[in-house]
Amino acid sequence: MFQAVWVSSSRSWALKESDCHYDGKQKSWKCGFVRAIIQHPRLRHVSKRPGKTRMLKKIQICLCFFFVSGILYEISLLSGCFFSYMPMSKHFLTSEQVLSLGKSIIFLETTERLEPPPLVSCSVESAARIYQDRPIILFMKGLTNDTELDMNSSYAAFSLLSSMKNVFIFPLQMETIFQETPLFQWYNQVVPEEEKNWVHISSDASRLALIWKYGGIYMDTDVISIRPIPEESFLAAQKSQFSSNGIFGFPAHHKFIWDCMENFVLKYNGNIWGNQGPFLMTRMLKAICNLTDFKGTEDHSCRNISFLNPQRFYPIPYPAWSRYYKVWDKSPNFNHSYALHLWNFMNHNRKAVVAGSNTLAEKLYKAYCPTTYEDLIQNAELRDFTHSEDA
């Protein structure tokens with residue numbers, strides 16, 4: 001329940017931080033405003049000037065009205081009341097509460113690192129800017145409920161993302177995520193230390209379970225959003241007749257995702273990279289659809305699932321991934337794309353965005369994640385230069 005409590009004295013006003021009440025039975029948020037005005041006893045001399053007293057009351061009522069109207073307007077710009085007027089209040093929400101609202105944009109970090117690199121920060125920030133009416137959730141395996149990190153953290157990217165009003169960062173708790181799915185028994189039997197591709201396999205499994213349970217869109221942390229995706233149930237074609245699993249979206253409890261989880265376990269082979277990822281999505285889609293080659297920029301549709309053209313997310317295919325880090329005579333406009341996959345897995349030489357380099361990647365950072373670019377690219381280079389000069 002949002003609760004705005006006003007305490008009035010003869011000369012001051014105070015506002016208690018608002019909050020939200022989650023109705024578990026209805027799986028919805030109940031939000032409202034309750035105003036309680038507590039006035040000090042009227043002083044004796046006030047009765048001698050009733051006109052002035054009435055004027056003060058009118059001024060107080062007007063101030064109260066405009067302040068509450070401002071809060072309501074701020075909230076009306078968002079799709080749900082979980083984006084509180086007070087930015088810090090979001091930190092009292094659990095992942096279950098946010099996910100249960102549906103339509104989340106989900107990112108996963110299945111390594112132990114706590115400081116997201118600039119590309120991860122750019123991916124999350126760009127999604128937060130494009131989907132301002134939806135929660136953007138970054139799950140981090142290295143984060144626990146006991147980890148004390150906040151907006152004042154020494155981790156620059158963590159602080160940057162935490163300050164965004166529709167970005168939520170939660171621990172990735174796989175055992176909880178896999179419960180009540182076909183993946184639970186597999187997870188209890190697998191030995192992560194013996195799996196050479198565990199970072200990728202655990203990510204492949206987690207994204208399936210999260211989308212099946214709660215619905216929404218999953219994106220890899222090297223995907224830069226440039227415009228909203230208009231589809232609800234979709235897979236992204238990496239090329240004709242081949243699906244990626246780097247970005248996909250479905251409503252909660254969709255049969256296709258459940259079938260994918262069952263096949264994940266049935267055909268499990270951790271030694272083959274992608275067997276539980278893009279190859280899984282491709283073989284499951286081929287089992288129900290007659291896939292044909294794309295012509296132009298058309299999308300395909302089968303069983304109410306949109307199979308989106310490679311131009312939507314992969315206008316630069318993976319063999320040409322390094323072109324993102326080169327200077328173009330004329331930058332592409334990506335008019336047919338919803339987001340761009342920068343193929344970080346292919347970036348073994350760890351090419352990075354450099355301020356002033358005029359590469360395509362730098363231009364994308366400036367356009368779609370300007371805060372990341374300024375704080376983590378420009379300012380970081382300036383700090384490094386200053387430190388080297390001091391040394």
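In this predicted model, strands β10 (residues 234-239) and β13 (residues 305-308) pair in the parallel sense. Three bridges join β10 and β13. L235 stands opposite F307 of β13. Both strands belong to an open sheet of eight strands. The order is β7-β6-β5-β8-β11-β10-β13-β12, and the pairing is mixed. The edges are formed by β7 (167-171) and β12 (300-302), each of which pairs on one side only. On average, neighbouring strands of the sheet are turned by 25° against each other, direction ignored.

Strand β5 (residues 105-109) pairs with β6 (residues 136-140). These two strands run parallel and are joined by five bridges. Five of the five residues of β5 are buried, so the strand is largely enclosed by the rest of the structure. I105, F107 and E109 point one way from β5. I106 and L108 point the other way. All of these residues are buried, the charged-class side chain of E109 included.

Helix α7 lies across β5, β6, β8 (216-219) and β11 (242-250). The direction of α7 runs at about 35° to β11. Helix α9 packs on the sheet and touches β10, β11, β12 and β13. The direction of α9 makes about 85° with that of β11.

Helix α7 (residues 198-214) also packs against α8, at an angle of about 150°. Their axes are 9 Å apart. Angles over 145 degrees count as roughly antiparallel, so α7 and α8 are assigned to that class. The crossing of α7 and α8 is left-handed. On the α7 side, the contact involves I201, D204, A205, L208, A209, I211 and W212. On the α8 side, the contact residues are I257, W258, C260, M261 and F264. By class, this contact has 11 nonpolar residues, no polar residue and one charged residue.

Helix α8 (residues 255-266) meets α9 (residues 278-288) as well. The axes come within 10 Å and cross at roughly 120°. The two helices are therefore oblique to each other. Helix α8 passes α9 in a right-handed crossing. From α8, the contact draws on F256, D259, C260, N263 and F264. From α9, the partners are L280, M281, R283, M284, L285 and I288. The contact of α8 with α9 comprises eight nonpolar, one polar and two charged residues.

The loop between α8 and α9 holds N275. With a relative accessibility of 11%, N275 counts as buried, because the limit for that class is under 20%. Leaving aside residues up to four places away in sequence, N275 touches K267, Y268, N269, L280 and R283.

Notes
Residues numbered from 1 in each chain as written. Predicted model: local features only at pLDDT ≥ 70, side-chain atom pairs only at ≥ 80, totals over all residues. Heavy atoms only, no water. Axes fitted to C-alpha atoms, helices over the stretch in contact; angles between N-to-C directions. Helix = DSSP H or I, 4+ residues; strand = E, 2+ residues; numbered from the N terminus. Parallel < 35°, antiparallel > 145°, perpendicular 65-115°, else oblique. Left-handed = near helix turned anticlockwise from the far one by under 90°. Contact = heavy atoms within 4.5 Å. Buried < 20%, exposed > 50% of the residue type's maximum accessible area, 1.4 Å probe, protein only. Pairing = 2+ DSSP bridges.
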